[in-house]
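Please keep the sequence and the model in view while reading.

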Amino acid sequence: MSKPEQHRGRWRPRLDRPALVALLFGLAGIGYRLVLTLYTVPVSNSDEATFGLAALHIGQGREHPVFLYGQHYMGMLESYLAAPLVAVAGPSWPVLRLPMLALYAVFLYLIHRLTRRLCAPWFAAFIVGLLALGPERVVRDQLTVVGGRPEVKPAVLLMLLITVGLAAGTVHRRRLALALFGLLVGLAAWSDWLILPYLAVAGLALLWAVRRELVGWSGLLLVAGVVVGVAPMLWDNLRAAPGDDSLSVFREVSTKDGPLPPWSDRIRGGLLEGVPLAHGLCPVDGCGRWQQWFGLLYPVLLVVAAVLAVLAYRRAARAPLGDRVRPVVQLALVAGAALTLLSYVRSPLAATSPLDNARYLSVLQLSLPAVLWPLWVAAVACWRGTVGALGRLTGALATAVLAALTATMLVITVLFVTTDVRTSRTEERQARELAATLRANGPHEVYGDYWTCNRLVFNTDETVVCGVLDDDLSPGQNRYLPYWRQVGRAERPGYVVEIDSPMERRLRRLLADEPDAAPVRELDGYRVYHPDTPVRPWR
């Protein structure tokens with residue numbers, strides 16, 4: 001990555017050209033996301049606000065949640081990372097998202113280091129360049145505080161780098177490295193269960209690399225690290241009531257009533273929508289046919305990458321352990337992607353709601369170096385002229401695929417910046433104006449729908465509290481019950497509803513007998529009702 005250079009009696013690292021290009025790509029990607037963070041793009045929502053409110057409570061010492069309010073399976077590591085900043089600067093979306101930006105920077109650095117050690121320097125720079133791009137679907141997974149994905153990806157990369165370093169003998173404090181490996185496993189498992197396939201293959205790669213070393217203190221330290229990392233989840237589950245444990249709750253939310261969609265529909269939704277969306281090849285509203293080609297090619301690339309890794313391992317059978325670990329880790333990345341994709345297409349959501357649930361495939365970015373490596377090898381061999389006619393044809397096709405992938409990601413990113421950002425800014429401005437008006441003029445206890453409530457509470461620093469109602473004005477998904485109880489005790493709560501929404505129509509019917517007793521204000525797509533007598537039909 002760098003070469004030592006003596007300057008005025010001191011040794012300083014000097015980046016080689018591929019590392020310098022990767023650094024420039026990385027800085028561009030970080031700078032681009034910093035601007036988006038400062039402008040709160042992508043737009044905030046109540047899911048993210050719930051993590052923000054948890055960070056506020058943690059910073060104030062009021063709460064120490066293990067899982068997201070109202071859940072028993074999504075870890076709160078992101079809230080703990082943001083808590084010190086929120087405690088100092090107060091609740092704001094850029095402050096809440098800054099730790100996610102830092103995690104993205106760590107992710108870029110680690111995937112560059114791993115790709116460079118496994119593959120080639122210029123290929124590592126190319127991967128960083130691709131990951132620096134990002135339309136709405138990609139940057140939403142990277143920047144918004146909605147749990148799991150921003151922190152588990154760097155964790156897996158660091159685990160694999162530890163494995164490579166242990167096998168190559170470049171890690172000197174080996175027991176400490178194994179304890180760190182275990183800690184990362186535990187933290188990632190607590191944070192987001194979607195990463196379990198990658199944790200499994202990373203564990204197998206470590207077992208292959210240092211299986212003899214794990215007998216004794218090293219193995220005990222590894223297990224101790226896992227226990228420490230996963231301890232919050234274990235403690236919460238030991239105290240959970242029957243049916244409220246993480247496994248039961250996760251199983252319940254992962255299944256849907258009714259017949260399971262056929263495999264063909266689930267595979268189509270996973271490959272043709274999920275995979276391109278997760279890699280930034282489509283806008284957030286779905287993939288056109290010209291953007292679905294990567295989804296069709298993806299399983300083929302997985303198979304080819306697996307074959308190349310196996311062949312490389314066989315060729316290195318007599319090589320030092322440090323050389324043999326490279327194809328093993330590449331194979332682990334391929335297996336992680338395959339298991340993640342298989343787990344996704346087993347769910348009915350892959351068929352019934354592929355656009356909303358493509359976020360669950362964002363961890364496939366971890367395997368991008370392994371997936372694209374066969375294309376890079378073929379393209380380089382073609383341009384160096386070291387292959388025959390068939391090899392040159394294959395290399396030309398591989399070059400075309402890499403160019404098409406890059407061009408598509410670039411076009412979708414530019415379209416996002418030039419069109420979708422303005423829409424996000426408008427929606428964010430409306431939400432902030434609503435919060436400012438209610439904070440200044442009241443009412444301070446209101447009811448609203450799920451996507452209004454917690455964002456409103458976060459934007460007002462809990463000056464306004466909100467209870468969630470469904471469209472029929474029955475109690476909705478109230479993640480933090482103290483807000484619901486506080487609004488329930490209010491003598492004259494307000495109602496914040498979107499104009500002409502089902503909730504507003506239902507409210508107006510209930511107020512029909514007293515049309516003059518409910519003052520109404522209209523605020524950028526919302527109406528605020530403040531009746532003299534509370535409207536609580538569920539009572």
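Phenylalanine 123 is buried, with a relative accessible area of 0%, where buried means under 20%, exposed over 50% and partly exposed in between (1.4 Å probe, protein chains only). Tryptophan 373, at 19% relative accessibility, also counts as buried. This is a predicted model, in which local features need pLDDT of at least 70 and side-chain atom pairs count only at pLDDT 80 or more, while totals for chains, interfaces and linings use all residues. Residues are numbered from 1 along each chain as its sequence is written, and side-chain values use heavy atoms, with hydrogens and water left out.

The structure holds 15 aromatic pairs, a pair being rings of Phe, Tyr or Trp (its six-membered ring) with centres within 6.5 Å, called stacked when the planes are under 30 degrees apart, edge-to-face when over 60 and tilted otherwise. One of them joins tryptophan 93 and phenylalanine 458 in a tilted arrangement, at 4.5 Å centre to centre and 45° between the planes. Tryptophan 93 lies in helix α4 (residues 93-118) and phenylalanine 458 in helix α19 (residues 450-459), so this contact ties together parts that are 365 residues apart in sequence; helices are DSSP runs of H or I with at least four residues, strands are runs of E with at least two, and both are numbered from the N terminus. Both of these residues, tryptophan 93 and phenylalanine 458, are buried.

Phe123 and Trp373 belong to one aromatic cluster together with Phe126 and Trp376.

Strand β6 (residues 520-523) pairs with strand β7 (residues 526-529) in the antiparallel sense over four bridges, pairing requiring that DSSP finds at least two bridges between the strands.
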